[in-house]
Amino acid sequence: MMYRYCKRLFFGGHMQVDSRLNGFILGAFIFLGLASLGFLLGKAAIEFKQYERSVVVKGLSEREYDADIVIWPIQFAAASNELESLYESMEENTSRIKAFLLEGGIAESEISLSSPAITDKSAQQYGGAQRAEYRYTAVQVVTVYSDNIQAARAIMSSLSKLGKQGIVFTGGDYQSQTEYIFTGLNKIKPEMIEEATRKAREVAEKFATDSASRLGKIKRASQGQFSIASRDKNNPHIKKVRVVSTVEYYLSD
């Protein structure tokens, strides 16, 4: 009887000690695991925050090119009291302008003619308005669409010769303005984009050096729209082409 009691007391106490020891060891491992996880998460958060440092820069590429297409509307007018006489005058003036263009180096296929627009002023008079000197007026346009820019510009400067012969040239409105076009954009796009991106990186590297940082990879980049404009009002045949690239780089210590 006494033996059984001592045995139960001994083994029961031993089991309680083992249970407490196991619980302590398990708790220690859980504590170490949570501490390690917290350390790793904290370190990752710090590294992620450092990785998110960035700089946004812009790079410009700008070049000048000669236009390769000219659209030149030559508008002229005539007036008469007789329709037949008016049409004959317009046909004669059209033939003289066309011959002048051909002589100056413009190909016949590059010349197009519009139909004359006739206005009957007697049909537009109201009440006691003063009667116009000429009943009919006509306006017509001879359009040059050519890649021979030099020839077209030379003719423009000498068009006054026809004016001295009695042809009345009109203009000044939007529809009669000469337009110069540059069509070689697709050929120069890759070079200009490369130049703009290179200049953007140069700016970013300078910023990184000044801020004691290192320049990392590109985070994001966007290419701006290409713009083509006349260099100035006096030289509309010279086109200024420009593009701006925006690039964001990562920075690190």
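Which residue forms a salt bridge with Glu 108? Lys 98 does, and the closest N and O atoms are 3.2 Å apart. A salt bridge here is a side-chain nitrogen of Lys or Arg within 4 Å of a carboxyl oxygen of Asp or Glu.

## The model

This is a predicted model: local features need pLDDT of at least 70, side-chain atom pairs count only at pLDDT 80 or more, and totals for chains, interfaces and linings use all residues. Residues are numbered from 1 along each chain as its sequence is written, and side-chain values use heavy atoms, with hydrogens and water left out.

## The chain as a whole

The protein chain has 5 helices and 10 strands. Both are DSSP runs, numbered from the N terminus: helices are H or I with at least four residues, strands are E with at least two. Of the chain's 253 residues, 26% count as buried. Buried means under 20% relative accessible area, exposed means over 50%, and partly exposed lies in between (1.4 Å probe, protein chains only).

The accessible surface comes to about 17500 Å². Carbon and sulfur atoms hold 55% of that surface. These areas come from the Shrake-Rupley method with a 1.4 Å probe.

## Salt bridges

The whole structure holds 13 salt bridges. In the pair that opened this report, Glu 108 lies in the loop between helix H2 (83-103) and strand S3 (111-113), while Lys 98 lies in helix H2, so the bridge ties together parts 10 residues apart in sequence. Lys 98 is partly exposed, at 26% relative accessible area.

Asp 120 and Arg 135 also meet in a salt bridge, at 2.9 Å from N to O. Asp 120 sits in strand S4 (residues 117-120), and Arg 135 sits in the loop between S4 and strand S5 (136-146), 15 residues away. Both count as partly exposed: Asp 120 at 22%, Arg 135 at 37%.

## Helix H5

H5 has 26 residues. The helix reaches 37 Å from its first C-alpha to its last, close to the 38 Å expected. That expected span is 1.5 Å times one less than the number of residues. H5 bends by about 25° at Glu 191. The bend is the angle between axes fitted to the seven residues ending there and the seven starting there.

The buried residues of H5 are Leu 185, Ile 188, Met 192, Glu 195, Ala 196, Ala 200, Ala 204 and Ala 208. Their cover includes S1, strand S8 (214-223), strand S9 (227-230) and strand S10 (238-252). Arg 201 forms a salt bridge with Glu 205, with the closest N and O atoms 3.2 Å apart. The two are 4 residues apart in H5, so about one helical turn separates them. Arg 201 is partly exposed at 34%. Glu 205 is partly exposed at 37%. Salt bridges that share partners also join Arg 63, Glu 191, Glu 195 and Lys 199 into one network. Just after H5, Ala 212 takes a positive phi of about 55°.

## An aromatic pair

The whole structure has 1 aromatic pair. The ring centres of Tyr 65 and Phe 182 lie 5.2 Å apart with planes at 20°, so the pair is stacked. Rings of Phe, Tyr and Trp (its six-membered ring) pair if their centres lie within 6.5 Å; planes under 30 degrees apart are stacked, over 60 edge-to-face, and the rest tilted.

The pair links distant parts of the chain, 117 residues apart. Tyr 65 is in strand S1 (residues 54-66), and Phe 182 is in the loop between strand S7 (179-181) and helix H5 (185-210). Tyr 65 is partly exposed at 21%, whereas Phe 182 is buried at 12%.

Conventions: Contact means heavy atoms within 4.5 Å.
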